[in-house]
Amino acid sequence: MKVLVTGHHGYIGSVLTPLVAEAGHEVTGLDSYLYRGCDLGTPAVWEPAVERDVREVTVEDLAGFDAVIHLAALSNDPIGDLNADWTYDINLDGSVELARRAREAGVPSARGCGPSMRVS
């Protein structure tokens, strides 16, 4: 399967992405690298990778993928306290728009694979 992992450079994504590849999938990472330089230890380099904000992903970017593992988000309370609108814009609105664009690009839904989000 051809898999896109958003937030592949983050806390969970940096561990999950290599595991998905080791399971035999063709993996591409996508991250804004907001925390570049704040890595614990030596940062893992993942290729291929796209440096882009999840809110800027286009239908064309998603074409050809069989799955999207969406982990990109603002993930800590201090950022939410600094500006709650950023958190809603990225974590809520950005996620919903990513799902819509993935559907438009023909990425199969996750029905039957556990909880899934229904986008109208």
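Q: What places Glu 97 and Arg 101 about one turn of the helix apart?
A: In this predicted model, both residues belong to helix α4 (residues 84-105) and are four residues apart, about one turn of the helix.

Q: Why is the contact of Glu 97 and Arg 101 called a salt bridge?
A: Their side chains meet at 3.1 Å, N to O. The definition asks for a Lys or Arg nitrogen within 4 Å of an Asp or Glu carboxyl oxygen, so the pair qualifies.

Q: Why does Glu 97 count as partly exposed?
A: Its relative accessible area is 30%. Partly exposed covers the range between under 20% (buried) and over 50% (exposed), so Glu 97 falls in that class. Arg 101, at 22%, is likewise partly exposed.

Q: Which residues do salt bridges with shared partners join into one network?
A: The network consists of Asp 53, Arg 55 and Asp 89.

Q: Is Glu 51 buried or exposed?
A: Its relative accessibility is 52%; exposed means over 50%, therefore Glu 51 is exposed.

Q: How do you know that Asp 61 forms a salt bridge with Arg 52?
A: The closest N and O atoms are 2.5 Å apart, which is within 4 Å. Asp 61 is partly exposed at 30%, as is Arg 52 at 26%.

Key:
Residues are numbered from 1 along each chain as its sequence is written. This is a predicted model: local features need pLDDT of at least 70, side-chain atom pairs count only at pLDDT 80 or more; totals for chains, interfaces and linings use all residues. Side-chain values use heavy atoms; hydrogens and water are left out. Buried means under 20% relative accessible area, exposed over 50%, partly exposed in between (1.4 Å probe, protein chains only). Helices (H or I, at least four residues) and strands (E, at least two) are DSSP runs, numbered from the N terminus.
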